[in-house]
Amino acid sequence: MEKKNSDYNLEFWRELKRRTKVPLTDLTFLFYLFFGVIIFSGLGVVVEVAKYWFSGNPFDTSSLSGIRAAIAVFYPALIGAASLQLALEAAKKSDSLMIVFSIASLLVMLGFAVLHGIQEFRQESPIQVFVLSVILSIFGLWIWTVANADNPDLKTKPRSDDAVGGSVDRKLGGSTKGFVQ
């Protein structure tokens, strides 16, 4: 029986849902997401927020220019890297819908990055640039989560093919029957 397009679409949405939910139950994944991606990758944002916090400036758009600039360069790097990673992984599996999704995410990010770059250069709509950059950064974290959901290095539970204990004196399963010396 041949699959219909609707079956592939349904599989894609299920896979996207699984890749969104499953890794968020793994503590190792969450630690890496928080410390590795948010804190260390977003160190420029963290530094700018700390600088603003300790400056005591009132909350206005001009005092947020450093934070705005840091967030505006954080999300393109995050979405770009995660989208390319997702596209390469999907290409290995010949998963065309996931490839299209990752390329679409990359194009959306490029469009907003260009638009925000022009707005930032002209000093137009600083609140809009800030809000959309935060939203796109959250989108970038989601794309990164989807791209790394099956990464075995970010899992707490050992893979089923890993060597996991047992006596070294035990007889190993399998047979060498049929091999010629």
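Helices α5 and α6 each supply at least two residues of the lining of the largest cavity. This is a predicted model, so keep that in mind throughout. How many cavities of 30 Å³ or more are there? The count comes to one. The space in the largest cavity is about 30 Å³.

Who lines it? Arg 68, Gln 119, Glu 120, Gln 123, Glu 124, Pro 126 and Val 129. Sorted by class, that lining has three charged, two polar and two nonpolar residues.

Take Gln 119 from that lining. Gln 119 sits in helix α5. Buried or exposed? Gln 119 has a relative accessible area of 9%. The cut-off for buried is under 20%, so Gln 119 counts as buried. Its side chain makes a polar contact of 3.3 Å with the side chain of Gln 128. Set aside the neighbours within four places in sequence, and Gln 119 is in contact with Glu 124, Ser 125, Gln 128 and Val 129.

Val 129 takes us to α6, where it is one of the buried residues. Helix α6 runs over residues 126–148, 23 residues in total.

Now the buried residues of α6. Among them are Ser 133, Leu 136, Ser 137, Gly 140 and Leu 141. Further along, Ile 143, Trp 144, Thr 145, Val 146, Ala 147 and Asn 148 are buried too. In general, an α-helix has 3.6 residues a turn, so residues three or four places apart point the same way. Which helices do the buried residues of α6 pack against? They pack against α1 (5–21), α2 (27–41), α4 (65–92) and α5 (96–122).

Look at α2 from its own side. Its buried residues are Phe 29, Leu 33 and Val 37. These pack against α4 and α6. At the N-terminal end of α2, Asp 26 is the cap. A side-chain oxygen of Asp 26 lies 3.0 Å from the backbone nitrogen of Thr 28.

One last stop: Ser 94, in the loop between α4 and α5. Its phi is near 55°, a positive value in a residue other than glycine. Is this residue buried or exposed? Its relative accessibility is 65%. The cut-off for exposed is over 50%, so Ser 94 counts as exposed.

That's my tour. Over to you.

Conventions. Residues are numbered from 1 along each chain as its sequence is written. This is a predicted model: local features need pLDDT of at least 70, side-chain atom pairs count only at pLDDT 80 or more; totals for chains, interfaces and linings use all residues. Side-chain values use heavy atoms; hydrogens and water are left out. Helices (H or I, at least four residues) and strands (E, at least two) are DSSP runs, numbered from the N terminus. The expected span of a helix is 1.5 Å times one less than its number of residues. Buried means under 20% relative accessible area, exposed over 50%, partly exposed in between (1.4 Å probe, protein chains only). Contact means heavy atoms within 4.5 Å. On a 1 Å grid over the protein atoms alone, a cavity is a set of points where a 1.4 Å probe fits but cannot get out, and a pocket is an open set with protein on both sides within 12 Å along at least five of seven lines; lining residues have an atom within 4 Å of a point. Grid points are joined across faces, edges and corners, and a volume is the space filled by probe spheres set on the points. Ala, Val, Leu, Ile, Met, Phe, Trp, Tyr, Cys and Pro count as nonpolar, Asp, Glu, Lys and Arg as charged, and the others, Gly among them, as polar. A polar contact is a pair of N or O atoms within 3.5 Å; within protein, one must be able to donate a hydrogen and the other to accept it, and residues adjacent in sequence count only if both atoms are side-chain atoms.
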